[in-house]
There are 2 protein chains.
Amino acid sequence: MRDVVKAFKALSDKTRLRILNLLLEKECCVCEVMQTLGISQTSASRNLSALYDAGFLKLRKNGLWSLYSIDQEGMKEYFPDLINAVRKALEGNEVVAMDREHLKKAERIGPGCARQPS
Amino acid sequence: MRDVVKAFKALSDKTRLRILNLLLEKECCVCEVMQTLGISQTSASRNLSALYDAGFLKLRKNGLWSLYSIDQEGMKEYFPDLINAVRKALEGNEVVAMDREHLKKAERIGPGCARQPS
DNA sequence: AAAATACAACCGTATATGCGCATATAAGGA
DNA sequence: TCCTTATATGCGCATATACGGTTGTATTTT
């Protein structure tokens, strides 16, 4: 029960929904998220952690990068319809659509952040 | 977007998930909820309101009773998969199963509360 | 070795949320 | 009209949460 509450709590925040929206597009490192959404590194890191702790994300480390992505398998096991619910809840939203546009450009922005991990 | 956040926020509370579980069984008045879950009238009323404001419930007044139930149509329109996600997230949970048992008995408990509205 | 980079953890503060108590409202009946 | 019942709401308190700034740690680059 606590896990269910935690899961919904993780989803009940605008920033975290925007992050989830990015990750529905592709795997991202912390600084891609922070640049794309225009939030602080602190905020990006903390909110990614919250989504991770709630069981929505998986983490892959590659050198300096912490690469977060949707944990498709975990989601299907514990919250079968939830990821779809989120996707549909966000579709058509303006902010979220703009974020997706920004994400495309963010790949080349910043001091080395969006370089491909070697 | 604010609506989506509000919806998930409404779901990110143990009491409200338990209430939703009861309403998945049947339409309930405030005092059935408060008795079944063993919470205060204030808490029952306010948490039902929160779920109502988030768009999950519909309200039918009958005499003194405020009868809340799942707004199936509204849910399908705005959050197509969410009600299923909630249902599956709660299934197998002990507290929630016990609540459903208590609900059956609650119909005859209390000073006139669970009498059928005239 | 030193500097730069990516990220996480800690700290203080502002705001949000949940709860109980008391009270208000609203409907029905004597 | 007064009383009871069912529900809603204002208020204050305790706690939770979000955020920015700073610091710490690990890794890569120079």
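**Entry 1: the model**

I noted before anything else that this is a predicted model.

**Entry 2: where chain A meets chain B**

I looked up how many residues take part in the contact. Chain A contributes 23 residues, and chain B contributes 23 residues. I then looked up the area buried between chain A and chain B, which is about 2000 Å². Carbon and sulfur atoms give 78% of that area.

**Entry 3: salt bridges and polar contacts between the chains**

I asked how many salt bridges there are between chain A and chain B. The count is two. For one salt bridge I recorded the partners, A:Lys88 and B:Asp81, whose closest N and O atoms are 3.2 Å apart. I also looked up polar contacts between chain A and chain B, and the count is two residue pairs, with both residues at pLDDT 80 or more.

**Entry 4: which helices of chain A touch chain B**

I listed the elements of chain A that each supply at least two residues to the side touching chain B: helix H1 (2–11), helix H2 (14–25) and helix H6 (82–90). Which helix gives the most to this side? I found that it is H6(A), with seven residues.

**Entry 5: the surroundings of DNA strand C**

I turned to DNA strand C and found 25 residues surrounding it. The closest are A:Ser45, A:Tyr68, B:Arg16, B:Ser40 and B:Arg46. Of the atoms of DNA strand C that come within 4 Å of the protein, sugar and phosphate account for 65%.

I looked up which elements each supply at least two residues of the surface near DNA strand C. From chain A they are helix H3 (30–37), helix H4 (41–53) and strand E3 (65–70). From chain B they are helix H2 (14–25) and helix H4 (41–53). By class, the residues of this surface are nine nonpolar, 11 polar and five charged.

**Entry 6: individual atoms at DNA strand C**

I recorded that a polar side-chain atom of B:Arg16 lies 2.5 Å from a phosphate oxygen of DNA strand C. For the bases, I noted a side-chain N or O atom of A:Gln41 at 3.0 Å from a base nitrogen of DNA strand C. In chain B, a side-chain N or O atom of B:Thr42 is 3.4 Å from a base nitrogen of DNA strand C.

Key: Residues are numbered from 1 along each chain as its sequence is written. Chains are lettered from A and ligands numbered from 1 in the order in which they are written. This is a predicted model: local features need pLDDT of at least 70, side-chain atom pairs count only at pLDDT 80 or more; totals for chains, interfaces and linings use all residues. Side-chain values use heavy atoms; hydrogens and water are left out. Contact means heavy atoms within 4.5 Å. Buried area is the accessible area (1.4 Å probe) that two parts lose on being put together, summed over both. A salt bridge is a side-chain nitrogen of Lys or Arg within 4 Å of a carboxyl oxygen of Asp or Glu. A polar contact is a pair of N or O atoms within 3.5 Å; within protein, one must be able to donate a hydrogen and the other to accept it, and residues adjacent in sequence count only if both atoms are side-chain atoms. Helices (H or I, at least four residues) and strands (E, at least two) are DSSP runs, numbered from the N terminus. A residue is near a molecule or strand if one of its heavy atoms lies within 4 Å of it. Ala, Val, Leu, Ile, Met, Phe, Trp, Tyr, Cys and Pro count as nonpolar, Asp, Glu, Lys and Arg as charged, and the others, Gly among them, as polar.
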